[in-house]
Amino acid sequence: MSTDTYLAVFLGSKTSPKMTAWNALSESERKNREREGMAAWKAWVEKHQGAILEMGGPLGKTKKVDAKGVADIGNELGAFTVVRAASHEAAAKMFENHPHFANFPGERVEIMPILPIPAG
């Protein structure tokens with residue numbers, strides 16, 4: 001079963017060295033880097049606008065549900081985007097040097113196919 005639709009999940013740890021360094025910046029330096037990062041992200045969106053099916057956005061706090069019930073938890077998930085590409089490799093290449101980790105303290109983007117639900 002093949003697909004041309006991919007989910008990109010933006011990840012980063014609140015305790016990573018990159019985030020620690022980001023938080024140590026002065027307010028003015030962080031604001032400058034945020035402006036640069038947002039401009040880079042906008043340029044990335046413009047470059048790939050024909051492939052972006054759902055811009056997505058930031059993800060909120062996480063709740064876990066298991067046999068013990070519902071609980072608040074933390075994870076590295078930060079945001080998501082849905083793209084269309086000819087292959088999994090092509091989808092992944094769209095995110096090389098992405099501002100999430102090139103400009104911001106994010107650590108990585110993980111890309112996975114969205115598989116069709118089997119009929120029947």
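1. Strand 1 (residues 5–11) and strand 5 (residues 77–84) run antiparallel and are joined by seven bridges; strands here are DSSP runs of E with at least two residues, helices are runs of H or I with at least four residues, and both are numbered from the N terminus. Two strands are said to pair if DSSP finds at least two bridges between them.

2. Before going further, please keep in mind that this is a predicted model, in which local features need pLDDT of at least 70, side-chain atom pairs count only at pLDDT 80 or more, and totals for chains, interfaces and linings use all residues. Residues are numbered from 1 along each chain as its sequence is written, and side-chain values use heavy atoms, with hydrogens and water left out.

3. The protein chain contains four helices and six strands, and from the N terminus on these elements follow the order β-α-α-β-β-β-β-α-α-β. Its C-alpha trace spans about 55 × 45 × 20 Å along the principal axes. Of the 120 residues in the protein chain, 29% are buried, where buried means under 20% relative accessible area, exposed means over 50%, and partly exposed lies in between, as computed with a 1.4 Å probe on protein chains only.

4. Four strands form an open sheet in the order 2-5-1-6, with antiparallel pairing. Strand 2 (52–58) and strand 6 (108–113) are the edge strands, each of which pairs on one side only. On average, neighbouring strands of this sheet are turned by 15° against each other, direction ignored. Helix 2 packs on the sheet, where it touches strand 1 and strand 2, and its direction makes about 160° with that of strand 2; here contact means heavy atoms within 4.5 Å, while axes are lines fitted to C-alpha atoms, for helices over the stretch in contact, and angles run from 0 to 180 degrees between N-to-C directions.

5. How far apart are the end C-alpha atoms of helix 2? They are 31 Å apart, which agrees with the 32 Å that its 22 residues should span at 1.5 Å a residue, the expected span being 1.5 Å times one less than the number of residues.

6. Helix 2 has R30, G37, W41, W44 and H48 as its buried residues. Because they cover an arc of only 55° around the axis, they lie on the same side of helix 2; the arc is that of the directions from the helix axis to the C-beta atoms. These buried residues pack against strand 1, helix 1 (17–24), strand 2 and helix 4 (99–102), whereas the face turned away from the buried side carries the exposed residues S28, R35, E36, M38 and K42.
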